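Here are some exercises to work through with the structure open beside you. Try each task yourself before you read its solution.

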Amino acid sequence: MSVVSKFAARDAGPTARMTGFVAHLRDNGLRLGVGETAVALDALTHVDAANPKDARYALKSVFSGSAEEAAQFDALFDSFWMNGGKVKTRVTPTLNPTENKNVHSSRHADAEGEDTSGSGDLSTPDDTGDGASNSDGEGKLVATDVSNLFKKDLRELVLPEDIAAAEKVAIRLGAALRDRRSRRRKAATKGDQIDFRRVIRKSIATGGDPIALPKRRRPERDLRITAICDVSGSMTVYSRIFLAFLAGLMRADTNSDAYLFHTRLVRITDALRDKDALRALSRLSLLAEGYGGGSEIAKSLDTFANTYARRFVNNRTVVMILSDGYDTDAPDGIADALARLKKRGCKVIWLNPLKGWDGYEPVTRAMASALPHLDIFSAANTLDDLAALEPELMRL
Amino acid sequence: MTWTTLQTAMAERGYIASGDLSMALHLSLSLGRPLLLEGAAGVGKTEVARVLASVQDTDLIRLQCYEGLDAAQAIYEWNYQRQLLAIRAASEDGETGKSVETRIFSDDFLLERPLLKAIRQPKAPVLLIDEIDRADEEFEAYLLEVLSDFQITIPELGTITATTRPHVILTANGTRDLSDALRRRCLYAHVPYPDLETELSILVSRCPDINDRLCAQVVGFVQALRKEPLEKTPGIAEMLDFAAALMGLGIADLTDDPAILQATLTTLLKTQSDQANITTEVAQRIAGKAA
């Protein structure tokens, strides 16, 4: 990580300097609000602020919030306060890519994706121009004979009828996903435990005789589905089913969330929620520029784990990855990204269309490194396959 | 009290704290902010709270978190059995209505759990919220509320405001990510495995009888062992057990007897595969380097 100093000699007084330091930390990826600046100034009044060691320890405990930030802090502190009087110009615009990762705004994160857009990154041979027509989804060796149709119109791929059918499947899957892990109990008419609190309340009415015995039970909570769909070249024939499924899912379940990726990750939830199914697809086509190109699974999952997952993924989320695991990147990143995702407490399901083939083994290195982090690894290349997942999801 | 005097006071009680940690504790005390301690299991996060309570000469109130921890376990619960008995007794004595109700929802029938107990102490206690990452997110959210207002509302009794503000220490070892909101509300210190010198002073302060040679060997051995690819890296408590085991067996030099070294490794290696991986040869190699 580059360390950019903004130490401004002209800053008058400790408050301005501290503000400058906080700005410097923010530039280097720490997420700090105005409140921390105030706490830091307060903290310095409790220590010998003129002593660099005291000040360093004090600011470290205020400004760092995780092990990585604590490790990074000393270098940042040195570069700002200890740069031996080297003065940079007042404001240095930084081109630090990590900056955006920490901004909690989908617009920012999208913008970040855009400047890295590698739509020309072709991993699939580009010989025949007519891959879309044979998109029926079963048993095609995709990577060899489907072209990269830049700016492919998704409307040709997904029909509104498909969406209606997919919606039904999505509703059933959503119903199958119930969080049964809660140990907290809630009042209920039928349950396995007596709710003493309410017994007491009710018994007052009957002069202390506990006649009515209200019960408590573990409530079932909805799990939220977050689907991440691979739309790279090798997945083109399956995209029709998956995109229809995503569209159905979005319409069936207002809590769910959808993304697609090829060489970058795009959030498509809002586009897919459009009331008009066809218009939703047009919006999707615009978002999916570069559709059918190479796939950078590791990078996309990593982006996801670092940005959207912080907001949308928690222990009640099922992350559903729809991809064939053919990565143009070095695949080692996939395991790391999945491990980071799992730390948020979510379940991870990987649906791989290739797994439906006879004799398929997850031998691609990407798939092999991902396997230990997956809760379900299953085949899915038709809507029926997706529907058949229901019993497996029930077990999650 | 400055942070260095706090550091010395803790050292007198057998806890060798690093600069960052003592500063974080000092600030947490003087700013009245909760302190979040993160680090691997066995680096002495929980011990920090115990020692701090002893330095402050106050009580330690501990809330061990687990999944499904709920308000009844963390804050308060009514003593339902007593309430039922009281209602029966009251109806036999002819006491009715309002007076029974006020009586059974009074302080006498309230079971204090750690959070409520902590804010009702006459002298500010140390409140240790251990392994917060094991509790679920609802509890974390509730905790945020308690930690910012230091007041708890009991519908039947009204709002109970803190008589004293407890010194709050939260520990986590990365079972799941904590919410940014919680992190922001806390001061933070990362507690790493101790370096060689710190660990030597920990061992000496805990086992004053140990001879210098064995002390250096034990610490060197454990430090080297932490660099091996283990499932469960031995913490400080394990190191102390290891030293105690060797001293109990009357060993003066680690390299003397491979069989005994291997036998005492059970104090350090806590999984089957770790025990299988650290064979006699590996242990001897590490011990040889440490000696």
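**Exercise 1. A sheet in chain B**

In which sense do S2(B) and strand S5 (residues 126–130) of chain B pair, and over how many bridges?

*Solution.* Start with the ground rules. This is a predicted model, in which local features need pLDDT of at least 70 and side-chain atom pairs count only at pLDDT 80 or more, while totals for chains, interfaces and linings use all residues. Residues are numbered from 1 along each chain as its sequence is written, chains are lettered from A and ligands numbered from 1 in the order in which they are written, and side-chain values use heavy atoms, leaving out hydrogens and water.

Step 1: S2(B) and S5(B) pair in the parallel sense, over five bridges. Strands (E, at least two residues) and helices (H or I, at least four) are DSSP runs numbered from the N terminus, and two strands pair if DSSP finds at least two bridges between them.

Step 2: find B:Leu63, which stands opposite B:Ile129 in S5(B).

Step 3: widen the view to the open sheet of five strands, whose order in chain B is S2-S5-S8-S1-S9, with parallel pairing. Strand S2 (60–64) and strand S9 (187–190) of chain B each have a single partner strand, so one side of each has no neighbour in the sheet. From one strand to the next, the twist averages 20 degrees.

**Exercise 2. The surroundings of B:Tyr15**

Is B:Tyr15 buried or exposed, and which residues does B:Tyr15 touch?

*Solution.* Step 1: locate B:Tyr15 in the loop between helix H1 (3–12) and helix H2 (19–31) of chain B.

Step 1: check the accessibility. B:Tyr15 is buried because its relative accessible area is 7%; buried means under 20%, exposed over 50%, and partly exposed in between (1.4 Å probe, protein chains only).

Step 2: list the contacts (heavy atoms within 4.5 Å). Not counting residues up to four places away in sequence, B:Tyr15 touches B:Met10, B:Leu21, B:Val43, B:Gly44, B:Glu47, B:Val48 and B:Val51. A polar atom of the B:Tyr15 side chain lies 2.9 Å from the backbone oxygen of B:Gly44.

Step 3: compare sequence and space. B:Tyr15 and B:Ile202 are 187 residues apart in sequence, yet 6.9 Å apart in space, C-alpha to C-alpha.

**Exercise 3. Two sides of a helix**

Which residues of helix H15 (residues 280–290) of chain B are buried?

*Solution.* Step 1: the buried residues in H15(B) are B:Val282, B:Ala283, B:Ile286, B:Ala287 and B:Ala290.

Step 1: see what covers the buried residues of H15(B): helix H11 (212–227), helix H13 (258–264) and helix H14 (272–277) of chain B are included.

**Exercise 4. A charged pair**

What is the distance between the closest N and O atoms of A:Asp78 and A:Arg56?

*Solution.* Step 1: recall that side chains of opposite charge can pair when their charged atoms come close. A salt bridge is a side-chain nitrogen of Lys or Arg within 4 Å of a carboxyl oxygen of Asp or Glu.

Step 1: A:Asp78 forms a salt bridge with A:Arg56, with the closest N and O atoms 2.6 Å apart. A:Asp78 is in helix H4 (residues 67–81) and A:Arg56 in helix H3 (residues 52–63) of chain A, so the pair ties together parts that are 22 residues apart in sequence.

Step 2: compare the partners' accessibility. A:Asp78 is partly exposed, at 32%, whereas A:Arg56 counts as buried, at 17%.

How values were computed: A polar contact is a pair of N or O atoms within 3.5 Å; within protein, one must be able to donate a hydrogen and the other to accept it, and residues adjacent in sequence count only if both atoms are side-chain atoms. Axes are lines fitted to C-alpha atoms, for helices over the stretch in contact, and angles run from 0 to 180 degrees between N-to-C directions.
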